[in-house]
Amino acid sequence: MNDIYKKLQDCYACVRAKTDFEPKVAIVLGSGLGDYAKDIEVVSEISYSEIEGFPVSTVPGHAGKFIFGYVKGVPVVCMKGRVHFYEGYPISDVVLPIRLMKLLGAKVLFLTNASGGINPAFSAGDFMLIKDQIACFAPNPLIGPNIDELGVRFPDMTHVYDLDLQQAIKDAAAENEIKLQEGVYIQLTGPSFESPAEIKMLRTLGGDAVGMSTVVEAIAANHMGMKICGISCVCNLAAGMTDNPLTHDEVQEAANKAAPLFKKLVTESVAKFENLL
Ligand code: HPA
C-alpha cells in the first residue's frame, strides 16, 4: 500500500477507536477563529497529539485538536489549528487532516484563514468569499503516485469552490448584514511575509488576498470529490500597501477583533448548507 495512504488509514483507525461520530461538514478554523468551539454543541474532542503520526502544529495560536459536534443541528468536525507547509512538514502531511475528515464522512469542506489584502478596494477586517485560487510556489499535494482510492490522477479544477455553497454564504452574509468581499486567494509558502514587489506581482497575477494555507488543502479535497467553500479574513493590507511593517501579532490581533462576526458568518452559513448536503 502507498505509504501516504497507509498513514491516512492508520490515523483513521486511531480516530475511529475514539469516536464513531460522522460529520457532514468539515470546518478548518484559521487564525483568530480558534475559540469557535464555544459556538459548537460539542460531542467529543480529540487532540492531534492523541493520533499517532498526525502532524502537530508548532505555530503559537494554532495548537490543535478535532472538535466533533453540531452547528445549528448540522454534524460537523472542526479543526482547531492546522499545519502549514512552512513548518517543515511534507505536503502530504499538510493535507492529511483534510483527507482524514473526508474519510470520517464529511462531504463539505469549509476553509477559513487569515490573509493579507492585495485588492486596493479591501480594508483590514474585511471578509472575502473565496471564488477561486492560485497556488504560487506551494507544491501540489497530489505529486507522486496517484492514490487511486482517493481520486483520479488529473482532477478537474474548474469549480473548486462550489457555486451553491458560495450562494449560501452570500445569503447568510446579506441576511445578517455582514459585508462580504469576493475574490481570488493566493497561497505562497511563507513563512516570511511577501515583499512589496511580490505583492505587485500577485496583483498582476489576479490575486485579491494572500496567505500561507488553504490552496493545497482545497486541491486535496477537490481530488477526493469534496464540495468546498472558503472565507478569508483580511487581517491587514499586504506589504507595501501601507507604510507599516507586518507582524504576526498584528495579524493575530486583527483576526481576534474580527472573530465574533466571522464566527457568526460561519455559523449562519453552515445552517444554510443543511439542504445542500
Ligand atoms: N501575507 C501572507 N499571509 C498573511 C498575511 C499577509 O499579508 N496576513 C495574514 N496572513
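The legends below describe close-up views of a predicted model.

**View 1. Helix α1 against helix α2.**
Helix α1 spans residues 3–16 and helix α2 residues 91–103. Their axes come within 10 Å and cross at roughly 50°. That angle makes α1 oblique to α2. The crossing is right-handed. From α1, the contact is made by Ile-4, Lys-7, Leu-8, Gln-9, Cys-11, Tyr-12 and Val-15. From α2, Ser-92, Asp-93, Leu-96, Arg-99, Leu-100 and Leu-103 take part. By class, the residues of this contact are eight nonpolar, two polar and three charged.

**View 2. Helix α2 against helix α5.**
Helix α5 covers residues 215–223. The axes of α2 and α5 come within 9 Å, crossing at roughly 55°. The two helices are therefore oblique to each other. Here too the crossing is right-handed. On the α2 side, the contact residues are Ile-91, Val-94, Val-95, Ile-98 and Arg-99. They meet Val-216, Glu-217, Ala-220, Ala-221 and His-223 of α5. Seven residues of this contact are nonpolar, one is polar and two are charged.

**View 3. Gln-181 in strand β7.**
Strand β7 runs over residues 180–187 and includes Gln-181. Gln-181 counts as buried because its relative accessibility is 16%, and the cut-off for buried is under 20%. Its side chain joins that of Asp-126 through a polar contact of 2.9 Å. Beyond its neighbours within four places in sequence, Gln-181 is in contact with Ala-121, Phe-122, Asp-126, Phe-127, Met-128 and Leu-129.

**View 4. The cis peptide bond at Pro-191.**
The peptide bond from Gly-190 to Pro-191 is cis. Its omega is near 0°. Pro-191 sits in the loop between β7 and α4, the latter being residues 196–205.

**View 5. Lys-72, with positive phi.**
Lys-72 is not a glycine, yet its phi is positive, at about 50°. This residue lies in the loop between β3 (65–71) and β4 (74–80). With 49% relative accessibility, Lys-72 counts as partly exposed.

**View 6. Glu-177, with positive phi.**
Glu-177 is a residue other than glycine with a positive phi, near 55°. Its place is the loop between α3 (163–175) and β7. Glu-177 is exposed, because its relative accessible area is 76% and exposed means over 50%.

Key:
Residues are numbered from 1 along each chain as its sequence is written. This is a predicted model: local features need pLDDT of at least 70, side-chain atom pairs count only at pLDDT 80 or more; totals for chains, interfaces and linings use all residues. Side-chain values use heavy atoms; hydrogens and water are left out. Axes are lines fitted to C-alpha atoms, for helices over the stretch in contact, and angles run from 0 to 180 degrees between N-to-C directions. Helices (H or I, at least four residues) and strands (E, at least two) are DSSP runs, numbered from the N terminus. Angles under 35 degrees count as roughly parallel, over 145 as roughly antiparallel, 65 to 115 as roughly perpendicular and the rest as oblique. A crossing is left-handed if the near helix is turned anticlockwise from the far one by less than a right angle, and right-handed if clockwise. Contact means heavy atoms within 4.5 Å. Ala, Val, Leu, Ile, Met, Phe, Trp, Tyr, Cys and Pro count as nonpolar, Asp, Glu, Lys and Arg as charged, and the others, Gly among them, as polar. Buried means under 20% relative accessible area, exposed over 50%, partly exposed in between (1.4 Å probe, protein chains only). A polar contact is a pair of N or O atoms within 3.5 Å; within protein, one must be able to donate a hydrogen and the other to accept it, and residues adjacent in sequence count only if both atoms are side-chain atoms.
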